[in-house]
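I opened the model today and kept short notes. The entries run from the whole chain down to single residues.

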Amino acid sequence: MPDLIVDYDMSRNMFSIVHQEEVQNISTSTEFRSLTYQRDTTEFLDAQIYNGKEVQNDEMQGWREFTDAYCCERKEVISHDGVRIPLTILYSRKAHQKGQSPGLLHGYGAYGEFLDKSWCADRLSLLDRGWVFAFADVRGGGGVDPSWHRSGSGLYKLNSIYDFVSCGEYLVNGGYVHKCQLGAVGYSAGGLLLGAAINKHPELFRAAILKVPFLDICNTLLDPSLPLTVLDYEEFGNPQIQSQFDSILKYSPYDNISRGVCYPSMLVMASFNDSRVGVWEAAKWVAKVRDNMCSSCSCVAILKTNMRGGHFGEGGRFGQCEETSYEYAFLLKAMGIVDKIL
């Protein structure tokens, strides 16, 4: 449902709509009209009296949602150790083709933060082309209680990576995504998650977008002069302690790049003025991947550096549109489906 702002009257249990994001070019939509937040109480729609008070028809408010056009499913994926990982899957009812559609898997898995799964009109461009969007709430991110974060951080960080891989395999094996057209995206610490997953299972992914990614974790955490190093000891561990160093080294994306492997096509986006993740991390990763990836395949590793923005980019509506269009163009070409679109 597009973002909605309402003015709620608690004394009358009623609301009026202040604003809802306008969405164009969707021919099939459903409007719900209600007096309360209980959308299933449709018997109130034609009532003239509610809670002992007369209600005028013009007081009844309607909002738009698109469940007839798009489907959002919640699944639980069994990870390597039997733990059930929440996976949210979004696709177009009309355009999605079982077992044939391309897909994009999102992940973060750090600091106890939840993935943002709120409405985003930008996704409609790919959804209407048959793409699947999936959001893996792996361990290390937000969960039902703090243990979900603890079980995917520090010495248990590998759980996050195995969770993410399991979700990718579920999308393919469950027929949501074609086995050769799964893409993935990771932002910041999510770039560490994605980079480590790619190293372990490069064959699973066709394309990957790593945005201001944290990839050279060993070297970074060995430098306490960097802004976030000491704070990150709690999240990832302190490599100056041997046991924690050994744990970090097992999944560190930069340190586990393999020679001669057919890596997926990658778009790595860095910001020169990033105070959280050094621009050199993305540059080192791309250089090493280019030197070690299979020389006979057609996959590419692109480094795109924003020379003005910081960790969160430049902001602004048009800047965001340009960045998203660039990412989508990369995905379409990496999946080999540009000719079909044009």
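**Ground rules.** I am working from a predicted model, where local features need pLDDT of at least 70, side-chain atom pairs count only at pLDDT 80 or more, and totals for chains, interfaces and linings use all residues. Residues are numbered from 1 along each chain as its sequence is written, and side-chain values use heavy atoms, with hydrogens and water left out.

**Whole chain.** I looked up the secondary structure and got 10 helices and 14 strands. These are DSSP runs, numbered from the N terminus: helices are H or I with at least four residues, strands are E with at least two. Of the 342 residues, 48% count as buried. Buried means under 20% relative accessible area, exposed over 50%, and partly exposed in between (1.4 Å probe, protein chains only). Next I took the contacts between residues at least 6 apart in sequence; 70% of them join residues at least 24 apart. Contact means heavy atoms within 4.5 Å.

**Helix H8.** I checked residues 279-292, the 14 residues of H8. The helix reaches 21 Å from first C-alpha to last, close to the 20 Å expected at 1.5 Å a residue. That expectation is 1.5 Å times one less than the number of residues. Which residues of H8 are buried? I noted Glu281, Ala282, Trp285, Val286, Val289 and Asn292. They sit on the same side of H8, because they cover an arc of only 145 degrees around the axis. The arc is that of the directions from the helix axis to the C-beta atoms. Their cover includes helices H4 (189-200) and H5 (217-221), and strands S13 (265-271) and S14 (301-306).

**Core.** The largest nonpolar core has 84 residues. Such a core is a set of buried Ala, Val, Leu, Ile, Met, Phe, Trp, Tyr and Cys residues joined through side-chain atoms within 4.5 Å. Leu87 is one of the members that touch the most others. Not counting residues up to four places away in sequence, the partners of Leu87 include Leu105, Phe135, Cys167 and Leu171.

**Ser160.** I found Ser160 in helix H3 (residues 158-173). Ser160 counts as buried because its relative accessibility is 0%. Its side chain reaches the backbone oxygen of Arg139 at 2.3 Å.

**Tyr111.** This residue lies in the loop between strand S9 (103-107) and helix H1 (124-127). Is Tyr111 buried or partly exposed? At a relative accessible area of 35%, Tyr111 is partly exposed. Tyr111 and Gly141 are 30 residues apart in sequence, yet 6.0 Å apart C-alpha to C-alpha.

Definitions and conventions
A polar contact is a pair of N or O atoms within 3.5 Å; within protein, one must be able to donate a hydrogen and the other to accept it, and residues adjacent in sequence count only if both atoms are side-chain atoms.
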